[in-house]
Amino acid sequence: MNRRRFFLRTGVLLVLTAAMCSVFFHSLWELQVVHGPEYRARSAMAGSTIVSLAAARGRIVDRNGTVLVSDRLCSNIVVDEDVATEEALLTLTNLCRARGVTYTENSRVFARDVDTDLIAALRELDLPGVSLTTETVRQYHTACAAHLLGRVGPVSGEEWPDYRARGYAFSERVGKDGAELAFESVLRGIPGAELVNADGSVARILSPPVPGSTVALTIDLPLQEAAEAALADFIAAAPGAGGGAAVVIEVGTGDILAAASWPSYDLSRFAADYETLAADPLHPLFHRAFQGLYAPGSTFKPVTAVAALGEGVITPDTRIRDTGVFTAYRDYQPACWLYRQSRTTHGLLNVSEALTVSCNVFFYTLGYQLGIDLLDYYAGQFGLGQPTGAELPEAAGAVAGPELSSRLGKTWFEGSTLAAAIGQSDHQFTPLQLACYTATLAGGGRRYQAHLLRAVLSYDGSETVSVFSPFLTGDLSLAPETLAAVRDGMQGVTEPGGAAYPYFRDFPIPVAAKTGSAQVSGNRDSNAVFICFAPSQAPEIAVAIVVEKGGGGASLAGAARAILDCYFRNYTEN
Ligand SMILES: [Zn+2]
C-alpha cells in the first residue's frame, strides 16, 4: 500500500518536474536530441516531416548520489542498401575489420557504438549510402550490483501490448530486470517531437522531450563493493563452495545497503556474454540474494529463544541441562552436535549461554515445549518465509511445519518440531529475509519493509521529487530482558571462547552474531550461514551471508568482518 501511495505521489510530482524541465530543456538539447531516419514519421504537411525526439532515461545513483548508471550517446553506422555501392561496402567492411569492430552484413544498422576514430574516417571518406546515426545506450559506472541494477533493452513482442497501452513507441528501450524494470515508470523520459523542413532545418518544436527522473537507491556503493569482494574472496578460498549471497540492511529503516550475489556478471557485456552465462553451472544470472532459498541452520535459534522467552516457557535465568541426547521421544532421540563430535555435553545452560555455544539439546527442549505452531508464529513475525516487500522479484520461501509438509507430500511427525527449532527441517529462507530478520531482532522486534528505492530526484539530481519513508510492517515489541538475553548470547559468539572470536578479537565495536550450517538434502556438503548486527547495544546494520557448500558458518565471520570494517570505517567518526 505504502509503495502504491508513493508512486501516486511520485506521478503528481513528475508532472510538476516535467514543467520545470522544459525550462532547462535548451541546455539539454545537445545531449537529448536524437535525429535519425528511423525516427522519421509520415509527412505532416507538404515537404515537412515530424521527427520524434528521444528523451534521456533517468540515472540510477546510490544513496550518496554516486552515479551507477547513466545514458550515453553512441554512434551507429547505418547502410542504405539501395544507395550504397559495392565498393563503398567493401571499404566499410575493411575499415571495421582492421579496427576489430563487430559488424553485421546485410543489416540496416551495420555496426553499433563505434569509436570516434572510425567516425572521423567515415566522415572523410563520405561513402555513398553509408551514414551515422546516434542513439542513447546505458553506461555502467560500476562493475558491481548487476542483479540489482538490471538491464534495458528493446520492447519484446510479449511486452508490447502492455507498453503500447502505456503510450510507448515500439522503438523505445525499456527496463528488462532489476531496478531498470522496477522503476521503469520513473526512469523513462517522455519523447518529444519536432517538425523538420524538407531541407532538414527545424521548422518548430512540437513538444520538447522530457528526461526521466533519477532514481536514488538505498545501496551504498562502497559497501556493495565490499560485500561482493568479501563474498568472492571467501568462495575463492573455500574449495568446493558454490554460489553465495550477502545482504546488509539498515536497522530501523529497512534500507538495503548492499545485496551481493555470487557469481555475478558484467552488465556492459551482457549480450556478448549471454551464452556463456546461461551455460554456467553456477547460474550467474540467478539473483541469489533475493531468490535463493536456504535452510537457516542454527541462525534460526534466536527465533526459538525469543518465542520461548516471549511465551514464558523460560526466563533469561532458566537453566536447562544438556545431557548430550534429547530423550523425550522413544523412537527419535537426536543428539547435540558437541555430543556427536566428542561424546561430551554443554552441561547446565541459560538461554544466552546456549545461544553462544549453539547447544542443540537446549533448543530441542524449547521447541518441544513450544510446539511447531508457536515457533512458526514467531518466525512469521520476523518475516521469515514471506516476501520482504522489496521492489525486485524475490522468493517467498516457507517455514517448516505440518502445512508445508502436506504441500510437499511429506509426513510431519511431532518430533519434526525439534529439527525445526534448530533451523533444519524444511525451512527455506532467502538471504534478504535472513538479513531482515536479523535487523528486526536488532531493532527490538520492529520489522520494516525492505526496500531499494531511497528517493526520486530530478534528472540532474539537483531536486528531490519524493523520498521513500520507512514503512513498519510489524512489531514484536520484544521485552527489554528478552532482547538483552538474546543479544548477550549472540555477542558471546564474537567474544573470547565464541566461534567467531578469531575474526573479531581486534574489532573495536561489539558485534552480536550467530553461525549456522544446514545440511542440503541428498548432499554431504552443508551450506554455511552467518548473521550479525552491530554495534550490538545500539544496532545500525544487520548482515546475513549464505554460501552454498561453504561448510561451517563460523568461517563466514571473516567475510562479515570485512563488510563491517567497510561500514564502520565510512560511517563512524572516531
Ligand atoms: Zn549441547
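Ala, Val, Leu, Ile, Met, Phe, Trp, Tyr, Cys and Pro count here as nonpolar, Asp, Glu, Lys and Arg as charged, and the others, Gly among them, as polar. By that scheme, the lining of the second largest cavity has five nonpolar, five polar and one charged residues. The model is predicted: local features need pLDDT of at least 70, side-chain atom pairs count only at pLDDT 80 or more, and totals for chains, interfaces and linings use all residues. Residues are numbered from 1 along each chain as its sequence is written, and side-chain values use heavy atoms, with hydrogens and water left out.

- The ideal angle for four tetrahedral donors at a metal is 109.5 degrees.
- Helices (H or I, at least four residues) and strands (E, at least two) are DSSP runs, numbered from the N terminus.
- Both Cys336 and Cys359 are buried, where buried means under 20% relative accessible area, exposed over 50%, and partly exposed in between (1.4 Å probe, protein chains only).

**The second largest pocket**

- On a 1 Å grid over the protein atoms alone, a pocket is an open set of points with protein on both sides within 12 Å along at least five of seven lines, while a cavity is a set of points where a 1.4 Å probe fits but cannot get out; lining residues have an atom within 4 Å of a point.
- The volume of the second largest pocket is about 690 Å³, a volume being the space filled by probe spheres set on the grid points, which are joined across faces, edges and corners.
- Its lining comprises 27 residues, of which Ser298, Trp337, Ser358, Asn360 and Ser517 lie nearest the centre of the pocket.
- H13, H14 and strand E20 (512-519) each supply at least two residues of this lining, and E20 gives the most, with six residues.
- Eight residues of the lining of this pocket are nonpolar, 16 are polar and three are charged.

**The cavities**

- The structure holds two cavities of 30 Å³ or more.
- The largest cavity has a volume of about 60 Å³, and its lining includes Ile249, Glu250, Cys436, Arg446 and Tyr448.
- Strand E12 (244-250), helix H19 (431-442) and strand E16 (446-448) each supply at least two residues of the lining of the largest cavity; H19 gives the most, with three residues.
- The second largest cavity holds about 30 Å³ of space.
- Among the residues that line the second largest cavity are His147, Gln224, Glu228, Ser261 and His287.
- Helix H5 (146-149), H9 and strand E13 (256-262) each supply at least two residues of the lining of the second largest cavity.

**Helix H9**

- Helix H9 (residues 221-237) has 17 residues and reaches 24 Å from its first C-alpha to its last, close to the 24 Å expected at 1.5 Å a residue.
- The expected span of a helix is 1.5 Å times one less than its number of residues.
- The buried residues of H9 include Gln224, Glu228, Leu231 and Phe234.

**Backbone features**

- Most residues other than glycine have a negative phi, and most peptide bonds are trans.
- The peptide bond from Trp262 to Pro263 is cis, with omega near -5°; Pro263 is in the loop between E13 and helix H10 (270-279).
- The peptide bond from Ala534 to Pro535 is also cis, with omega near -10°, and Pro535 is in the loop between strand E21 (526-534) and strand E22 (541-547).
- Asp126 is not a glycine, yet has a positive phi of about 50°; this residue is exposed, with a relative accessible area of 60%.
- His283, likewise not a glycine, has a positive phi of about 50° and is partly exposed, with a relative accessible area of 47%.
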